[in-house]
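Please keep the sequence and the model in view while reading.

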Amino acid sequence: MAYCTVEQARTAGATGTDGEVAAWISAATERITAYTQQLFEPTPLVVVADVAPEGLVLLPRRVRSVTSVTPVVADDDAPSLPSSAWRVTSSDVLGSVDAVLLRWGGYDDLIAGAESYNGGYRGLFERWGLEQARIAGEFGYAEVPPLVAQACALLAAHIQAQAAPSDADAAQDPGLDVDDEGNNVRIEDDAEETTPVSPSASTGSTQVDALLVGYLNRGHSLIGGV
């Protein structure tokens, strides 16, 4: 995941081979994600969020689509809910919030425990003691906003300018890292895995912080992710 191109970073002042510049971009992207707590590209993710009264589940990131909703229960054996049992709203639509609304008042006579004579979904959820739900889907912006791309390019150049020589050596290849003894070691990319980034109070650049202030997500925090 990268929020700007090598060409944009070079225009902002980053130097070196394409691999080196890509490494600074990667570092800048991680800092921007930590600072804003947003995802500026469509990203597969799993989040665990609280279920409010009447089945409202507020999501911590902009949601694009949801593939499964699974109740989090003590014995961890609750099945995923059918798509008819929930509805998704996204902040992509003006006036909407990122949320999943469970059909607390609905029923499905084909779902064991959610039949109309068993109290429908409300009865099933109450028997589960449903307080949290695990939401799998795609989160993030459809594409990187121009201001975020500009911020990423500036931050990549800023990180490079502030780096010590030993840091620059490690940036020769985005697939390299440094072990405890200072040796370069390769890290294999795993496109199937995304890991939540711990919140940060700043990107390290006051100029970049100012550019990103309109994108800060300081509401509900990410509870879990895969």
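Is Thr203 buried or exposed? The model under discussion is predicted. In this model Thr203 has a relative accessible area of 2% and counts as buried, because that value falls under 20%. Thr203 is located in the loop between strand S8 (184–186) and helix H6 (206–212). Its contacts, leaving aside residues up to four places away in sequence, are Arg31, Ile32, Tyr35, Leu155, Val208, Asp209 and Leu212. The side chain of Thr203 also reaches the backbone nitrogen of Ser205, at 3.3 Å.

Attention now turns to a sheet. Three strands form an open sheet in the order S1-S6-S3, and their pairing is antiparallel. Strand S1 (43–50) and strand S3 (63–72) are the edge strands, each pairing on one side only. From one strand to the next, the twist averages 20 degrees. Eight bridges join S1 to strand S6 (residues 132–139); Asp50 has Gln132 in S6 as its bridge partner.

Charged pairs complete the account. The whole structure contains five salt bridges. One of them joins Arg122 to Glu54, with the closest N and O atoms 3.1 Å apart. This pair links distant parts of the chain, since Arg122 belongs to helix H3 (residues 120–128) and Glu54 to the loop between S1 and strand S2 (56–58), 68 residues apart. Arg122 is partly exposed, at 31% relative accessible area, and Glu54 is partly exposed, at 48%. Glu54, Arg122 and Glu126 are linked in a network of salt bridges. Asp92 and Arg64 meet in a salt bridge as well, at 2.7 Å from N to O.

How values were computed. Residues are numbered from 1 along each chain as its sequence is written. This is a predicted model: local features need pLDDT of at least 70, side-chain atom pairs count only at pLDDT 80 or more; totals for chains, interfaces and linings use all residues. Side-chain values use heavy atoms; hydrogens and water are left out. Helices (H or I, at least four residues) and strands (E, at least two) are DSSP runs, numbered from the N terminus. Buried means under 20% relative accessible area, exposed over 50%, partly exposed in between (1.4 Å probe, protein chains only). A polar contact is a pair of N or O atoms within 3.5 Å; within protein, one must be able to donate a hydrogen and the other to accept it, and residues adjacent in sequence count only if both atoms are side-chain atoms. Contact means heavy atoms within 4.5 Å. Two strands pair if DSSP finds at least two bridges between them. Axes are lines fitted to C-alpha atoms, for helices over the stretch in contact, and angles run from 0 to 180 degrees between N-to-C directions. A salt bridge is a side-chain nitrogen of Lys or Arg within 4 Å of a carboxyl oxygen of Asp or Glu.
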